[in-house]
Protein chains: 2
Amino acid sequence: MRIFISGPSGVGKSSVIKEILKRKPDTVLSVSYTTRAPRPGEHDGTDYFFVSRDTFEEMIEKGSFLEWANVHGHLYGTSLAWVESREADGFNVLFDIDVQGVIQAKAQGSKGCFIFLVPPDMEELSRRLNGRGTEDTRQLALRLENARHELTYWTIYDYLVVNDSLEKTIEDVSTIMEAQGLLKEEVIRKLPWLSTIA
Amino acid sequence: MRIFISGPSGVGKSSVIKEILKRKPDTVLSVSYTTRAPRPGEHDGTDYFFVSRDTFEEMIEKGSFLEWANVHGHLYGTSLAWVESREADGFNVLFDIDVQGVIQAKAQGSKGCFIFLVPPDMEELSRRLNGRGTEDTRQLALRLENARHELTYWTIYDYLVVNDSLEKTIEDVSTIMEAQGLLKEEVIRKLPWLSTIA
C-alpha cells in the first residue's frame with residue numbers, strides 16, 4: 001500500500017511522518033535516488049541512493065521514476081522498482097512528497113492514497129512558521145506566501161487532515177491507512193477462493 | 001455521507017447494519033418507496049413510503065430514484081431527494097442494497113462508498129444458510145448458487161469486509177466510515193478559509 005503525505009511548509013509534516021513510522025513497523029519511508037553528494041552521517045540506501053547524474057538521467061529515460069525533481073540543481077527521484085520491491089516484501093510505503101511529486105505520481109497512474117495535511121487556519125500556520133525563529137521578516141513573508149500557494153492544491157488530494165493536535169492527526173492518518181487496507185484490491189489478495197469464483 | 005452495504009444471502013448483512021445503526025446516532029437507514037401494501041405493524045415514512053403505482057411510475061419518469069427494482073411484481077426505490085434531505089440535516093445515510101441497486105447507483109454517478117460483505121469461505125456461507133433451517137435441500141442449493149453468483153460481483157465495490165466475527169466487521173465498517181469523513185469533499189465543508197484560498 002502506498003501512502004503519499006504532503007503539506008505546506010510549517011504544517012508539521014515531518015513530526016507526523018516520524019510518529020507514523022515509529023508506530024507502524026510494517027510501514028517504511030520511501031528512499032529517494034539523488035545526484036547530490038552524501039552529507040556527513042548520511043548512508044547510501046538508508047537516507048538516499050546516491051548515484052551519478054548519468055545514472056539518474058538513464059533512469060529518467062527508462063521511465064524508472066514514480067516522480068522526480070530538480071531541486072537547486074540536484075536531481076531527486078523515487079524509483080518505482082524500489083517501491084514495488086518493498087510492497088512485495090509486505091511493507092506499506094510512505095512518501096514524504098510535495099505537490100509537484102503528487103502531480104507526477106498521479107500522472108503515472110500510481111495507486112495509493114494521497115493525504116494533504118493542512119493547518120487549522122492561516123494564522124496558526126503563520127505562528128508555526130514564525131516559531132522556527134530562524135528567518136527574517138522578508139523570508140518569513142515569502143515562506144508564508146509559498147505555503148498559501150501550496151494550499152491551493154488541496155483539490156488534487158484524496159484526503160484532508162487538519163493538523164491541530166499531533167495525536168488526532170496520527171489517529172486520522174492511521175484510520176485512512178486501515179481503510180486503505182480494506183479496499184478490494186488489498187483484501188482480494190487474502191481471498192484466493194473469491195478471486196477465482198465464477 | 002452515503003454508505004452502501006451489500007452482501008450475499010446468509011453473510012449476516014442485517015445484523016451488521018442493525019448494529020451500525022445502534023452505535024452511530026448520526027447514521028440513518030435509507031427508507032425506500034414501494035408500491036406494495038403495508039404489512040401489519042409497518043408505518044409509512046419509517047419502514048417504507050407507501051405509494052401508488054402511478055406515483056411510483058411518475059417518479060421513475062422524473063428520474064427521482066437513485067435506484068429502483070421490481071421484486072415479485074412490486075416496485076421498490078430510493079428517492080434521491082429524500083437521501084439529499086437527510087444528508088443536508090447532517091446525517092450519514094446507510095443503504096441496505098443488492099448488486100443490481102449498486103450498479104444503478106453507480107450508473108447515476110452517486111458519491112459514497114460501496115462495501116461488500118463476504119463470508120470467510122463458501123463452506124461457512126453454506127453452514128450459515130443451512131443454519132436458518134427453514135428450507136429443504138433443493139431450496140438451499142438454489143440459495144447457495146444465487147449467493148455464489150452474487151459474490152462474482154465483488155469487483156464493482158470499493159471495499160471488501162470479511163464477516164468473520166460481528167465485532168471485527170463493525171470495527172472495519174466504522175473505520176471505512178471514519179476515513180470517508182476525511183475525504184476532501186467532506187473536510188472542505190468545515191474549512192471555508194481553505195475553499196476560498198487563491
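**Close-ups of a two-chain predicted model**

**View 1. Where chain A meets chain B.** In this predicted model, 26 residues of chain A are in contact with 26 residues of chain B. Sorted by class, the chain A side that touches chain B comes out at 18 nonpolar, 2 polar and 6 charged residues.

**View 2. How the two copies line up.** Turn chain A by 180 degrees, shift it 0.0 Å along the axis, and it lands on chain B with an RMSD of 0.0 Å. The two copies are therefore related as by a two-fold rotation axis. Both use the same surface for the contact, and 100% of the contact residues of chain A turn up again in chain B.

**View 3. Two domains within chain A.** Domain 1 of chain A comes in two stretches, 1–26 + 92–198, while domain 2 covers 29–90. Going by C-alpha atoms, the centres of these two domains of chain A sit 20 Å apart.

**View 4. Zooming in on the domain contact in chain A.** Domain 1 of chain A puts 14 residues into this contact, and domain 2 of chain A puts in 10. On the domain 1 side, α1 (13–23), β7 (92–96) and α4 (99–107) of chain A are the elements that each supply two or more residues. The domain 1 residues facing domain 2 here split into 6 nonpolar, 5 polar and 3 charged.

Key
Residues are numbered from 1 along each chain as its sequence is written. Chains are lettered from A and ligands numbered from 1 in the order in which they are written. This is a predicted model: local features need pLDDT of at least 70, side-chain atom pairs count only at pLDDT 80 or more; totals for chains, interfaces and linings use all residues. Domain bounds come from an automatic or database domain assignment. Two residues are in contact if their C-beta atoms, placed from the backbone, lie within 7 Å. Helices (H or I, at least four residues) and strands (E, at least two) are DSSP runs, numbered from the N terminus. Ala, Val, Leu, Ile, Met, Phe, Trp, Tyr, Cys and Pro count as nonpolar, Asp, Glu, Lys and Arg as charged, and the others, Gly among them, as polar. Copies are superposed by least squares on the C-alpha atoms of residues with pLDDT of at least 70 in both.
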